[in-house]
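Visitor: I am new to this structure and would like to learn how to read it. Please show it to me.

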Amino acid sequence: MDQRTEIDLKESAASLTMHGFGRLLSTKSKAMRCIWLLLILFFVSLVILTVMPTIRGYFKSPSLTKEETVRVSEMKIPAVTVCGPSFSKAKVTKFAKEKNITVKYNWLGRIDNMDDILWKASSLEDIAYDNNTMFIINPDKHDIAIERVLVANQGYCYKVNANGTAIQKSVNLGFTFDIILFVNLSNGVQFNTSPTDAVHVLIQDHKQFPSLDSGRILAPIGHQTFIEMKKTEITRLKPPYPSKCTNGENMKLLFKGDYTVSNCRLSCLLSQVSQRCSYIFAWHSHLLPKAMRKQLSRNQSEASCSLTITEKLLDSNYASCNCELPCTETKFRKYSSTAKMTSEDPRIHKHIVVISVFFGGMEYEKITEFKMYTTERFVGEIGGQMGIWIGASIFSVFELIYLLIQFIDFLCRKKRRKSSNLEKGVAKEVNDSVF
């Protein structure tokens, strides 16, 4: 029986497609068996050395980035948000008089004590500019949507092309998306950090909430400002890949539109202020939904809570907010130039702003992060290394396992038979000695 089993093992080993194992068991010479065993151990070691980096790399979830230029026949114009005077001078003066506040102006014509007035305001509407302070005379098309939006640290602004219907179909004369603004500075008060003779221009995808983080361009009054754009579309991978991007799932965003880092950070800041503070600073309160608003702080002491939270988040780069990069993002690089309008009409130089927005070419840059190791590539690389060094495949691995099971079973049966024969021999000796 043992001889037959040994013959079966040698036949199974000889039929094994993995290199060397058949030779190891079928060769009768001990020297050759040692040589074949050393060769097998050497090449199996090579397989382990070459496969381990692939396995480690696969479980570390590395990624690669692909950049390409995509040419198209038409380009969708993004939303253009214009921010002019933040407050109505007449409203500010009237409100300050009602609250017994003396309005103080500096040499630039800005109100130095605007914070004192904001402490008393129950809503920005109390002092916000009227439509006769800044309005759009002639958008490029009649079906272009225009929204009035509240932008953090800027006040009320106009978001032009809010529905994203404007399209650029060629690169030639007359292809620009033009916005003409009438700005009445005599009725308006700029925000503290704003120049007195220019409006701010923000350019973002129409699905995003306007934010100063995207970069702003100054468009001087009495000038035509040309803004050339270059579009970039970015696609990132979610965890465990390095970008660790998110689309804002399970995040409470306070502002409508797609998830962005600025939307997340501002929502996080306002949520923490609303939850932890008894009083809220005026600029924070006006950005919050009505259900989350608290009593406005009337002095520096009552505002200290919201200001402290703001400083801590800024110092930590909003680490506690978990505002990761978005998985899909559209960015616009902007290049601006201005030209003074030639007209003898003094109203043009005092009130008119022309903003011309356009793409410099009918193409955009596409950046895509993709997995370095897919399951197919991972299996293929391991199988390739095993095939080169020891001629192994998935099927031959199962053959080897089956052969090992047979071999172990043979050794166990041989050991049990030897033990049984030994017990029989001992019993026979005992019987012989008795008789």
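**Reading the chain**

Guide: The protein chain has 11 helices and 18 strands; helices (H or I, at least four residues) and strands (E, at least two) are DSSP runs, numbered from the N terminus. This is a predicted model, in which local features need pLDDT of at least 70 and side-chain atom pairs count only at pLDDT 80 or more, while totals for chains, interfaces and linings use all residues. Residues are numbered from 1 along each chain as its sequence is written, and side-chain values use heavy atoms, with hydrogens and water left out.

Visitor: What share of the residues count as buried?

Guide: Buried means under 20% relative accessible area, exposed over 50%, and partly exposed in between (1.4 Å probe, protein chains only). Of the 435 residues in the protein chain, 41% are buried.

Visitor: Where is the kink in helix α8 centred?

Guide: The bend at a residue is the angle between axes fitted to the seven residues ending there and the seven starting there. Helix α8, residues 300-315, has a kink of about 35° centred on Ser306. Ser306 is one of the buried residues of α8, which also include Ile309 and Leu313. After α8 comes Asn317, with a positive phi near 55°.

Visitor: Is Ile401 buried or partly exposed?

Guide: Ile401 is partly exposed, because its relative accessible area is 40%. Ile401 lies in helix α11, residues 394-434.
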